[in-house]
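The following exercises concern a single protein chain. Please study the sequence and the structure before reading each solution.

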Amino acid sequence: MSVNVEDRTSEVMLGKAALRAKIYAPVGRCIYCGSTEWSAQQPRKLGDEHIIPEGLGGGLVLPEASCQTCEAVTSAVELEWLRGAYHTARVQKELGKKKKRPPRFLPLQVHRDGKTVWESISLEKYPAMIVTLLFDEPEILSGCIPVDKVLSGGVAVGTLPTFGQLLKPYLDQGAVTFVPPRSSATSVHLGRMLAKIAHSYAVAELGITGFTSFLIDIILGTDTRHLSHYVGGTRDVPPLSDKGYEIKLTTVESVGLLPYLVVKIRLLSDVNGMPEYWVVVGERGSDEQFRHDDPGNVQK
Ligand SMILES: [Zn+2]
């Protein structure tokens, strides 16, 4: 069954300038569990949600949107990939908090004059490759029922624009072997991070009552058996874009009465070879619930 992607909602392709400045209206309720305060011990205002993680340049902010418990869960999931495959790219692109980081090094194996030597190279100068995952379309879009399985896919390799230049001095000496940063990040961590980005973006654009979410259990980790039903992507790697990331909301005809809401995400989209992910966040609400065109939803 082919999928008819209809763009009945306005697509929001965001450039760097727009991303830096976009602060949405406060939600006043945890967008994951519904709590109205930070914690029972500290009944203060809810925390602000960075839709794209700060460590990936996120400038879309949804104020008063996460409680302490849910923030701890979503942050821990995000850190798996931010400290793993994306780490070197983040250092080189100076993304994330401006705290002074201790210098870090990665080994590069260089074959020189018939000998093999290990060189320790600072992350700033490392010819980094980002090894990440490519996914097929979320299974819900082909109309099938959810099945228990692990989210799996192919491998995508991203290279920063400076890759060739940083690699050349070593390559001139002979062959090189890379050692990826040590990481415990899995496809489930990536899928849950994408689910969080997509859900919070849909809440920002549509309001918390603007749709029925499919993703809360996945985001909070209480049930991830059907991750590949809702989270996936396309194996067509889009061309390099000069934006730091891209996110857009679209609707797709569903087998039911209401169309599915799909958020398409590209992280580090200015890094060559980074894939596009698709997350089916939920079903669009009825028309009186649907507040996408309400300009009052966004604070300028
Ligand atoms: Zn919560």
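**Exercise 1.** In which sense do strand β5 (residues 105-112) and β9 pair, and over how many bridges?

*Solution.* The model is predicted: local features need pLDDT of at least 70, side-chain atom pairs count only at pLDDT 80 or more, and totals for chains, interfaces and linings use all residues. Residues are numbered from 1 along each chain as its sequence is written.

Step 1. Strands are DSSP runs of E with at least two residues, numbered from the N terminus; two of them pair if DSSP finds at least two bridges between them.

Step 2. β5 and β9 pair in the antiparallel sense over three bridges.

Step 3. Leucine 108 stands opposite phenylalanine 178 in β9.

Step 4. The open sheet has three strands in the order β6-β5-β9. β6 (115-122) and β9 (176-178) stand at the edges with a single partner strand each, so one side of each has no neighbour in the sheet.

**Exercise 2.** Determine whether tyrosine 245 is buried or exposed.

*Solution.* Step 1. A residue is buried if 20 or more other C-beta atoms, placed from the backbone, lie within 10 Å of its own, exposed if 12 or fewer, and partly exposed in between.

Step 2. Tyrosine 245 has 26 C-beta neighbours inside 10 Å and therefore counts as buried.

Step 3. Tyrosine 245 lies in the loop between β11 (231-234) and β12 (246-252).

Step 4. The C-alpha atoms of tyrosine 245 and valine 271 are separated by 9.4 Å, although the two are 26 residues apart along the chain.

How values were computed
Helices (H or I, at least four residues) and strands (E, at least two) are DSSP runs, numbered from the N terminus.
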